Amino acid sequence: MNILGVFYSLLVAFVWGSAPIIYRYCINNSSALKMQAIRSIGFLGCGLIIALISPNVLHVASHSHSALMVSIGGLSALLIGDSLFFHGIRLIGPGTATAITGTYPFFASVAAILFLGERATTATIVGTFCIFVGLVVFRMKREEPKQKSLQGVLLSLFAAFFWSVNFVLTRWGMTIGDISPHALVFWQSISFFIAIWICWGISWQRNNRQEPLFRMPLKNMVMMITVGVLSMGLGGFLTSEAMRYAPASVVTPITASSPLFAAFWGRLLYREPILIPQWIGIVLILTGGVAINFG
C-alpha cells in the first residue's frame with residue numbers, strides 16, 4: 001500500500017469535515033433538497049472544467065461501462081444516501097443518525113473484500129474497528145431527546161449502505177474499469193446535477209412552490225456552490241486518487257474520520273466544547289488510522 005493513498009484519504013477527510021460548518025450556516029434559510037441542488041452547480045462546474053482540460057473524458061466508447069458504474073455510485077451516495085440521512089436526522093436526531101451512518105466503512109470494507117477480492121489484514125480489521133468505535137463515541141453528543149424510531153434507524157443504516165456503494169463502485173471503476181479520476185468526477189457531476197434538479201423540481205411543485213426554485217441569499221448561494229466545488233468536486237477527485245494507491249477497505253475508514261476536522265472547525269469558529277467522550281473518540285480514530293497505515 002502506497003503512503004499517497006493514506007495522504008489523499010486524509011485530505012478527503014479534511015475537506016468533508018469542513019463542509020458541515022457551511023451546512024450549519026445555510027440550513028436555516030433553505031430546505032435540504034434545495035441546498036443539494038445549489039451545491040450541484042459547483043460540482044457541475046468542476047466537471048465542465050475537467051472536460052475542457054481533458055476532452056478525452058467525453059469519449060465514453062472506451063469506458064462506457066465504467067462511466068455508468070461510477071455515475072450510479074455517485075447517485076447512490078449523493079442523492080439516495082444523503083436524502084436518507086436527512087430523513088434519519090429528522091426522526092432520531094443528528095447524533096444518533098450520524099453514529100449509525102458511521103457504519104459505512106464496515107459496509108465498504110466487507111463489500112470490497114467480497115466482490116473486489118481485496119485482502120483483509122489484521123491491521124486493517126483492527127484499524128477499521130477502532131475508527132468505527134471512535135466515530136460512534138465521538139458523534140454521540142448530548143442533544144435534545146427525540147423518540148427513537150425504528151424507521152429512523154433503518155433509514156440511517158440504508159444511508160450508510162448507499163454511501164459505501166459509491167466507494168466500492170469507485171474502486172471498481174479505478175481498477176477493473178480503468179477510468180481516470182478526471183472522468184470519474186465529470187460523469188458523477190453530470191449525473192448528479194441532472195438527477196438532483198429533477199428531484200428538487202418535483203418537490204417544489206408538490207409543495208406548491210412555497211420557496212423560490214433557485215433564489216437564496218447571495219452569501220448562502222456562494223457558500224453552497226463552494227461546498228460543491230470542494231467537498232464533491234475536489235473530494236471526489238481525491239477519493240479516486242486515493243483508491244489508485246490504496247484499497248477501498250483502507251481508504252473508506254480513513255475518510256470516515258472527517259468528524260475530527262469538523263470538531264476542530266466547530267471549536268475554532270463556534271467555540272463548541274470538546275467533551276471527554278469526543279477526546280476518547282479522537283484517540284480511537286487516530287489509533288485506527290495508524291493501524292491501517294501499517295497494514
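Biologist: How many helices and how many strands does the chain have?

Modeller: Please bear in mind that this is a predicted model. Read along the sequence, the chain follows the pattern α-α-α-α-α-α-α-α-α-α-α-α. The count is therefore 12 helices and 0 strands.

Biologist: What share of the residues of the chain counts as buried?

Modeller: The chain exposes about 14200 Å², and carbon and sulfur atoms supply 71% of that area. A residue counts as buried when its relative accessible area is under 20%. Of the 295 residues, the share that counts as buried is 51%.

Biologist: How many aromatic pairs does a search of the whole structure find, and is the pair of Tyr8 and Tyr245 stacked, edge-to-face or tilted?

Modeller: The search finds 8 aromatic pairs. In the pair of Tyr8 and Tyr245, the ring centres lie 6.2 Å apart and the planes meet at 40°. Planes under 30 degrees apart would be stacked and those over 60 edge-to-face, so this pair is tilted.

Biologist: How many residues apart are Tyr8 and Tyr245?

Modeller: Tyr8 belongs to helix α1 (residues 3-26), whereas Tyr245 belongs to helix α9 (residues 218-245). The pair thus links distant parts of the chain, and its two members are 237 residues apart.

Biologist: Which residues do ring pairs link into a cluster with Tyr8?

Modeller: Tyr245 is one of them, as its pair with Tyr8 shows. The cluster also includes a phenylalanine. The residues linked with Tyr8 are Phe7 and Tyr245.

Biologist: Where do Phe193 and Trp197 lie, and about how many helical turns separate them?

Modeller: Phe193 and Trp197 form a tilted aromatic pair, at 6.3 Å centre to centre with 55° between the planes. An α-helix has 3.6 residues a turn, so residues three or four places apart point the same way. Both residues lie in helix α8 (residues 181-206), and because they are 4 residues apart, their separation is about one helical turn.

Key: Residues are numbered from 1 along each chain as its sequence is written. This is a predicted model: local features need pLDDT of at least 70, side-chain atom pairs count only at pLDDT 80 or more; totals for chains, interfaces and linings use all residues. Side-chain values use heavy atoms; hydrogens and water are left out. Rings of Phe, Tyr and Trp (its six-membered ring) pair if their centres lie within 6.5 Å; planes under 30 degrees apart count as stacked, over 60 as edge-to-face and the rest as tilted. Buried means under 20% relative accessible area, exposed over 50%, partly exposed in between (1.4 Å probe, protein chains only). Accessible areas come from the Shrake-Rupley method with a 1.4 Å probe; for residues, only the protein chains shown count as cover.
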